[in-house]
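Trainee: Please take one part of this structure and go through it closely. I would like to hear about the place where the chains meet, and how the chain on one side of it is built.

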Amino acid sequence: MKKANLVSGFRSGLVFGIVLVFLFLIGFLETGAGLLSKFFGDPVPTNTLPKLGYVILFLALMAIWSGSGSSKKINPDRFSELVLPVLVNGGVLGLMTALMALIFGNYVKAGVDVRNYLVAVSPASIKMLMLNLTEPVQAALALFALMTVATFLGALLHFVWNRHLSEKVKRTVSSKIESVGQSKMMSLTSHPAARYIALAGALALFFFLPRMWGSYWNYVLGTVGIYILLGIGLNLITGWTGQLVIGYVSFFGIGAYTFSLLTAPEPHAIMMNFWLALLIAVAVSALVGFLIGLPILNLRGDYLAIVTLGFAEIVRILLKSDLLTSFTGGPRGIRDIGGPTLFGADFSSDVNFIYLIFVMVILIAFVANRLQRSRTGRAWEAIREDQTVAKATGINTFSSKLLALTLSAAVAGLAGVLFASRNQFTGPEDHILLVSINVICLMIVGGVGNIPGIIIGALALKGLPELLREVSNFRMLTFGALLVMMMLIRPDGFLPARRPRMKRPMVEDPQEKAEEGA
Amino acid sequence: MKKLNKKALRVLLVIGKYARWTVGIALALFLTWRIYQVLFVQQAFTADTWLRFALSGLILGGMYALIAIGYTLVYGIMFMINFAHGEVMMIGAFCCYFVFEALRFIPAPIAGNPDLVFLNAYPILSILIAFLVGMTVSGFSGYFLEKIAYRPLRHAPRLILLITAIGASIFLQNAAMLLFGPQRKNIVNPDILTRTAGWTIQVAGKPVLISYTGAFSLILSALLMIGLYFLVQKTKLGRSMRAVAQDQDSAALMGVDVNKVVSQTFIISGILAGASGVMWGIHMGLVNHITGSLPGIKAFTAAVLGGVGNIPGAMLGGITLGVIESMGPALFGIDFQLKDVIAFLTLIIVLIIRPSGILGEKLTEEKL
């Protein structure tokens, strides 16, 4: 038993040590300390390193996390059982950090610039790791002591919390919540009038906010809206029907390009009306989705993923190539794409555009919501759950999947139209595979198969990075890690989809009645 | 309305039934016409150029085949597309870069040449070290990938596994970018394997260079494939791998440790991808974080082309795809920018005409 504890302490130290080394090598130590510094109201100016205290705090927080983790895992009755494993944990973690400081410190001392091989490890950041000490040995000892003590502290904190405080706190919090008058609140929010008032408030907010907060936020919110549309569209085929489409951006690109070619003065000078071009672009995207699905959808499920991936690459390469330059504008893209009009008047200011996007999002969300509860939507979910059973209950799986793909391609086309028209420019680089990966991510983060989840996901993935500009370098890395972690820990997302509750049919089942009688 | 729908559906299905044949025949006719045009009417390229295209296609195809085997092995056992497999290959290529860089800094002076470095003093040993390091690290990455990301999800729906694989692929790619920087790195080979050196043969009165690196990669990939074939067919490990691919539950009942076999499969596929990454580094000479993604996708295409779950199929598919990709643009008379388009179009066309691949699938269960 004791050996197992030691092993788990060792493992915790090793894992956190590797993570810490990795974070330092990609340059996150600096960013993390900077974020802490910003959190405490002391933002770091660009091109300067955060203060020493925040670096120590960041390292200590990692160690505390590690220590509390191993305390949680061992979960002993007495603290004395915890001492040795936690010392092992802190020792391993401290040793790895110290070793790293020793190695890089000696490199700096010898005047070797490791940035040729590890781009993020600048001499300044090594100095920061060495806690501004000059001698590598001193720095290593200091780091070792810091990490060991902090790990011990973490374990102690967790032990005390777990033993003595957590019950008490939980009891107080829950009693407080009860005393607030849960029942009163519930009855207030569930009253129909309250819902209408909330709806009216939200509508008023939607109407007035875009006029107030300036064009930058309108731009960000517009992007979020377009991604919500993409998320809802992808959700039709991936979330509800369970068929992964990786190259979803191809439909987005086709919608954007069709619309642009129809409305831009170059290269074709058709200059069509906005709404007509929108309809045509959506129809073309839907048609492409249909044609892609026709040969693929009755094959194994993964093939759709890989074929759409290949198709997205084909579309992007073709748009970029010299072959189609005279037709699609080539790598330069298309400029001066037409904006929307409303009864002949121009409707393309940024405030108007955000209204348009809001209306489209609400419209598509409404349609998708209705679809989910319809016969078609239930057929899709049946296919997702078990294709064979769905077939056996009389669902034509092929045509259902085809319908889902066509509709989702149409929604992507609509999003592409809005995107191209708002930016008044579109080029091959707007339609790289990253867009579809972003959409998959936001759908998963929010909760697969759930429209409010998608909205939350789009806000989190497209809106938050605007707030946290420091971490923009690490965004894709975090996406990747987040995807894996979400799948491992919470495969349903932050807002898991609830099945729409159906009313039981009023007609009683005769067989059931007969059984009851017997 | 409903009747109309059904009728329309039936018409669609009939069209679908004949579409396969129609598309196939039309395509074959078009290809013959095109090849006739290019080879005999236009004569834009002479025999030596064709030989050059074919050679580079074969070399590329050998690497694709090695990666494709990894996809096929994993797909046969777990029914998942291991999207991170291309990134494992990228790790192999980076290992090659770092080993060569490290050995370039180790002096090994001999009499008469005091500036000699280890890389040039012991070139064969250096290449061996590069392969050993690359294959070991990639094998370990395959192992940890399975252990951390895929094993907890063994019985989860396949969509979740697929998304996890995509997440792992994005993570590895961006980790490599943040660690080593986004710019491409030049791999300096030992002097005996300079990329411009090779045998020259005369074809149609013009010299054609068969580079040493190319010949080396082709021979090595052939050897590795033969080795793998024996491993799968003759050894106990191979037998248990085939058993698990056929039926996990029955294999477990017969005393096969399924978890261990899955781990070993990931290690083997990682080793092969690592070897192909080192070869890529030696032959192509450039590596960065996206080195693995396009070859990865194409190798999966190759696996589908040959028939998923079928190891000889993956080899054949890899070679075929490499040759199509390098000869295709010239053969169809289109721009060389579009060679990737040809590779992906091949995939789509194969799936339309013969979804089970050239040599047929070897998957026991129809898992949709």
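Mentor: Chain A is assigned two domains, domain 1 (2-168) and domain 2 (201-489). The model is a predicted one, and in it the C-alpha centres of these two domains of chain A are 42 Å apart.

Now the meeting place of the chains. On one side stand 41 residues of chain B, in contact with 45 residues of chain A. On the chain B side, the elements that supply two or more residues are helix 1 (2-42), helix 6 (158-180), helix 11 (293-306) and helix 13 (339-353). Helix 6 of chain B contributes the most, with 16 residues. By class, the side of chain B that touches chain A holds 31 nonpolar residues, seven polar ones and three charged ones.

Next, the build of chain B itself. Its domain assignment lists domain 1 (1-43) and domain 2 (47-367). Taken over C-alpha atoms, the centres of domain 1 and domain 2 of chain B are separated by 34 Å. These two domains also touch each other: seven residues of domain 1 of chain B and six residues of domain 2 of chain B take part in the contact. The domain 1 side of this contact within chain B consists of four nonpolar residues, one polar residue and two charged residues.

To come back to the chain contact, the point to keep in view is helix 6 of chain B, which gives the most residues to the side that touches chain A.

Conventions. Residues numbered from 1 in each chain as written. Chains lettered and ligands numbered in written order. Predicted model: local features only at pLDDT ≥ 70, side-chain atom pairs only at ≥ 80, totals over all residues. Helix = DSSP H or I, 4+ residues; strand = E, 2+ residues; numbered from the N terminus. Nonpolar A, V, L, I, M, F, W, Y, C, P; charged D, E, K, R; others polar. Domains from an automatic or database assignment.
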